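Q: I have a model open on my screen and would like to learn how to read it. Could you take me through some features, one at a time?

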Amino acid sequence: MNTHQLPASLCRLFEDGGRGRSLSFELPAGDVVWPEQPARRPAFWMSDEPARDGLWAAMRAEHPRSGLWPVLLDESAQPWSSAQVAPDSPDLIDTFTAAGFMSEVWRDWVAQVPVESLAEIEPFGPLCPGLADPGELRADPGSVADWYAGVLGERGMPLGLAAARRGADALAVMGWQGALHHNEWMVPLAAVVRSWEERFGARVVALGFNTLELSVAAPPVSPEHAIHVAAEHWAFCPDNVVQGAGDLYGYAEQIRGQFCWSFWWD
């Protein structure tokens, strides 16, 4: 197997200059994208054309040697080349927890709404239920991610590459701002996705201007487990529930046994 040193432009994504990083194949044409604000490094690399079939999966397999996490980039709402991103250090993610974020969102929302609005979060009401138990793996997380990338890739999206240790960290590293109207800082959301990686075999597959696509290898199966996970999704992305099923019961039925989770923020 031939090994290709990372191109100089990709090496610039890494704080250490990409030392020791490599790929076993050549990438298609593309270039790095810099944030609008002055920065020491580019935010991510982006292909010029839609990713060919299988490229996402190939890059995921190469992640241990390349340090680059692949992300399909949905440009239907806004082009990623506009560089409206605000990268953060992934080290900041360590200062947050999924449980802490969920509890804070729940408490703040309950304090602001009239009592009748609590129907939106039944059967839990004003007390945050905390994190759901982990799911049971039903397939290999990487294989599920490859499958979902193939499904999404039919939309003809370019490939993004982020210098990230794991997919969740790419949200901060790339400076994604998709949930800005819900939470002003994306770093706590990355902490939630890290937790989902560990508990549900989730993997970041695609990002859009205000969307996030995750593959899920250990989804909730029982109604009880699904509604607990639905509560986490409500805290992470209320629009998914409120502008979708309308309540946690209906939303829980939508995610039961599903190998992908899609999020959209208004």
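Q: Let's start with Met 46: is Met 46 buried or exposed?

A: This is a predicted model, so please take every value here as computed from it. The general idea is that a residue counts as buried when its relative accessible area is under 20%. Met 46 has 9%, so Met 46 is buried. You will find Met 46 in strand S4, which covers residues 44-50.

Q: Which residues are in contact with Met 46, leaving aside its neighbours within four places in sequence?

A: A contact here means heavy atoms within 4.5 Å. For Met 46 the list includes Gly 30, Asp 31 and Val 33, and also Leu 73, Glu 75, Trp 80 and Ser 81. Pro 158, Leu 159 and Gly 160 are in contact with Met 46 too. For a residue at some distance, take Glu 15: Met 46 and Glu 15 are 31 residues apart in sequence, and their C-alpha atoms are 18 Å apart in space.

Q: What is the relative accessible area of Val 205?

A: It is 0%, so Val 205 is buried. Val 205 sits in strand S7, residues 202-207. Beyond four places in sequence, its contacts include Trp 56, Pro 70, Val 71 and Leu 72. Among the others are Ala 145, Tyr 148, Ala 149 and Leu 152, along with Glu 213 and Ser 215. Between the C-alpha atoms of Val 205 and Gln 5, which are 200 residues apart along the chain, there are 25 Å.

Q: Is Ala 77 buried or exposed?

A: Exposed is the word for a relative accessible area over 50%. Ala 77 has 56%, so Ala 77 is exposed. Look for Ala 77 in the loop between strand S5 (68-73) and H3. Ala 77 and Thr 211 are 134 residues apart along the chain, yet 9.7 Å separates their C-alpha atoms.

Q: Which peptide bond is cis, with omega near 15°?

A: Most peptide bonds are trans. Here, the bond from Glu 122 to Pro 123 is cis. Pro 123 is placed in the loop between helix H3 (98-112) and helix H4 (141-153).

Q: Now the whole chain: how many helices and strands does the chain have?

A: There are nine helices and nine strands. For overall shape, compare the radius of gyration with the value for a compact globule: with 266 residues that would be near 18 Å, and the chain has 19 Å, so the two agree. Buried residues account for 52% of the 266 residues. Among contacts between residues at least 6 apart in sequence, 72% join residues at least 24 apart.

Q: What about its surface and charges?

A: The chain exposes about 12,100 Å², and carbon and sulfur atoms supply 49% of that area. There are 17 positive and 35 negative side chains, with the centres of the two sets 9 Å apart.

Methods: Residues are numbered from 1 along each chain as its sequence is written. This is a predicted model: local features need pLDDT of at least 70, side-chain atom pairs count only at pLDDT 80 or more; totals for chains, interfaces and linings use all residues. Side-chain values use heavy atoms; hydrogens and water are left out. Helices (H or I, at least four residues) and strands (E, at least two) are DSSP runs, numbered from the N terminus. The radius of gyration is taken over C-alpha atoms; the globule rule is 2.2 Å times the number of residues to the power 0.38. Buried means under 20% relative accessible area, exposed over 50%, partly exposed in between (1.4 Å probe, protein chains only). Accessible areas come from the Shrake-Rupley method with a 1.4 Å probe; for residues, only the protein chains shown count as cover. Lys and Arg count as positive and Asp and Glu as negative; His and the chain ends are not counted. The place of a charge is taken as NZ of Lys, CZ of Arg, CG of Asp or CD of Glu.
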